[in-house]
Amino acid sequence: IEKTRENFRLLYDTKGRFALHKISKEEASYKLCRVKKVFRGPKGTPYCITHDGRTLRYPDPDVKTNDSVRVEVPSGKMLDYIKFEAGNTAMISGGNN
């Protein structure tokens, strides 16, 4: 919100509803995206596609499908990645028991 100089992130609460979570200005400069597909394009250029439709060229070679990447919002560059592996904390929003 520009008028009040506040930043929020839209998250799920414990009952699966959307809730606003206040964040700092530094945290508002990036976004977490889940990798849906990793492949090579024309001339062998590596690409990865995220859950929100972003195409990231030349990702880290260790990034695989279902990993999470930290994307800088203004430039769209990949800053960091988190491997999808056993032992990581995650939020589950649906499914069967």
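Student: In strand 6, which residue is the bridge partner of Cys-33?

Tutor: The bridge partner of Cys-33 is Val-69 in strand 6. The model is predicted, with local features requiring pLDDT of at least 70 and side-chain atom pairs pLDDT 80 or more, whereas totals for chains, interfaces and linings use all residues. Residues are numbered from 1 along each chain as its sequence is written, and side-chain values use heavy atoms, without hydrogens and water.

The pair belongs to a wider arrangement. Strand 3 (residues 30-40) and strand 6 (residues 68-72) pair in the antiparallel sense over five bridges; strands are DSSP runs of E with at least two residues, numbered from the N terminus, and two of them pair if DSSP finds at least two bridges between them. An open sheet of five strands, with antiparallel pairing, has the order 5-4-3-6-7. Strand 5 (55-57) and strand 7 (78-82) stand at its edges, each with a single partner strand, so one side of each lacks a neighbour in the sheet. On average, neighbouring strands of this sheet are turned by 40 degrees against each other, direction ignored; the axes are lines fitted to C-alpha atoms, with angles from 0 to 180 degrees between N-to-C directions.

Antiparallel pairing also links strand 1 and strand 2, over six bridges. These two strands form a hairpin with five residues between them, and Gly-16 in the turn has a positive phi of about 85 degrees. Within this pairing, Tyr-12 stands opposite Phe-18 in strand 2.

Notes. Helices (H or I, at least four residues) and strands (E, at least two) are DSSP runs, numbered from the N terminus.
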